[in-house]
Every structure is written in C-alpha cells, then in structure tokens.
Amino acid sequence: MNRTRLVVAGLMAASLLAACNGPSGSTSRARGIGAYDRGDYPGALQHFTAARDKLPGEARSHYDLGRTQLALGNATEARNAFGVALRLDPENETYLRGQVDAMIADDRGAQAIEMLTERAERLDTPEAWLLTGDTQRRLGFPEAARDSFARADAVGLGRSIEAHRALAQLRREVGDRDGELRRLSYILYLDPTDPMANARVRELGEIPGPAFRQAPPRPGS
C-alpha cells in the first residue's frame, strides 16, 4: 500500500471514531464558512478543525483549515493542511494554489517554483505553465515568467487567450507599448468581445475594431 493510500485509510478510520461526538462535519463546515466570511478567523479555525476531525478523508476539510490558517498568518500549519488536501485530491488546482500561497508565506518560494515547474513539464498544458509563470513573476523572476508564458503560448498553439494576456502584461510592465498592443490584437482576434482587452486598447489610444485584430502566429512558424 503506497503512502497516499495509507494516509487516506488512516483518515477514514479517524473519521469513524470522531463521528459520534458533537455536531456533524457538514454542520461544523457550514459554521466555519459563516465565520470565515465574517472575518472571524479564530472562530472559523475552531469550526473547521471540528469539521476536519469529523471528515478527515475529505480534501475540502483540509483545504478549509489551510485557508483559515493562512488568513491567521500560520503559514507552516496552512502548508501542512493544503498538503493533505492535495494528497487526497491531487488534480485540484484550487488546493494547489492554496499550497503555493502557503509556501510563499512560509519562505519556501523557490520550492514552490520547483514544484510547479516539475508539474508543468509533466502535464505540459497552458494552464500548468501559466500558474508557474504567475508564481515566478510574483516572486520577482520576470524573465523566467516570460519563458513559462511563452511555453503556455506554444503548448496552446497560439490560441490561449490567457497566455497572450500574461505576455501582454509583461510587455506593459516594461513599457513596450507595441509589444503589448500586438498581444492585445491576438486576444481580440480570438475573442472580439474580451472586455479587458477592449478597455486596454482604448486606454492606449487605439480603436479595437476589425482592422486592429491580428491572427496570432503559430509558435515556431
């Protein structure tokens, strides 16, 4: 039995032991959500801990606990909770983003980038490369972010609006007006109604009509 199965089996056994005492897990979770939405993070922590104890085999219970620990500034505890959520539901990008936030807060940004890069190389999807690039840019590595966004564009065969948007933002940050407009023209070719691209083109003094739009080239062509 591998480690993940052992973790799940142990959590399910704990769930059965906890089920007989106090409010149900779903009741505790609902109370925790209410407290969290009010900004009562200590109260949310109490309720989400009770929910986790009742429902330890449910990834959402650990995610709720992780986001509350992060809101309280407890980065290590948040990272541990998100880690369990991801072991239970490895493909959930919401849980992954929570883990990345906790790792950055816990001064483990380099490890977060390494984890995301390995994942992006394995999955090789625009979404995986975009998350890697977003994290690299967030941590102050714009050149690495550009490479990741370019890979997202390549994997998406030039049809990933979010890759073009990320590359346009990088061009904006370095003051490259022409480069930004070119990426915006690709976005509007793919989706002429895109509100963000339309608004930004107008801010730059251009008219986002049919004459402005350009078909994005296939990467490598």
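Predicted model: local features only at pLDDT ≥ 70, side-chain atom pairs only at ≥ 80, totals over all residues.
Residues are numbered from 1 along each chain as its sequence is written, and side-chain values use heavy atoms, leaving out hydrogens and water.

**Helices H2 and H3**

- Helix H2 (residues 25-38) and helix H3 (residues 41-54) have axes that come within 8 Å and cross at roughly 160 degrees; axes are lines fitted to C-alpha atoms over the stretch in contact, and angles run from 0 to 180 degrees between N-to-C directions.
- H2 and H3 are therefore roughly antiparallel to each other.
- Helices here are DSSP runs (H or I, at least four residues), numbered from the N terminus.
- On the H2 side, the residues that meet H3 include Arg29, Ile33 and Tyr36, while Tyr41, His47 and Phe48 are among those on the H3 side; contact means heavy atoms within 4.5 Å.
- The residues of this H2 and H3 contact divide into eight nonpolar, five polar and three charged, where Ala, Val, Leu, Ile, Met, Phe, Trp, Tyr, Cys and Pro count as nonpolar, Asp, Glu, Lys and Arg as charged, and the others, Gly among them, as polar.

**Helices H7 and H8**

- Helix H7 (residues 109-123) packs against helix H8 (residues 126-138) at an angle of about 160 degrees, with the axes 8 Å apart.
- H7 and H8 are therefore roughly antiparallel to each other.
- Ile113, Leu116 and Leu123 are among the H7 residues that meet H8, whose side includes Trp129 and Leu131.
- The contact of H7 with H8 divides into seven nonpolar, four polar and two charged residues.

**Aromatic pairs**

- Searching the whole structure gives three aromatic pairs, meaning rings of Phe, Tyr and Trp (its six-membered ring) with centres within 6.5 Å; planes under 30 degrees apart count as stacked, over 60 as edge-to-face and the rest as tilted.
- Tyrosine 36 and tyrosine 41 have ring centres 5.2 Å apart and planes at 65 degrees, so this pair is edge-to-face.
- Tyrosine 63 and phenylalanine 82 have ring centres 5.7 Å apart and planes at 45 degrees, so this pair is tilted.
- Tyrosine 63 lies in helix H4 (residues 59-71) and phenylalanine 82 in helix H5 (residues 75-88), so the pair ties together parts 19 residues apart in sequence.
- Ring pairs link Tyr63, Phe82 and Tyr95 into a cluster.

Terms used:
Helix = DSSP H or I, 4+ residues; strand = E, 2+ residues; numbered from the N terminus. Parallel < 35°, antiparallel > 145°, perpendicular 65-115°, else oblique.
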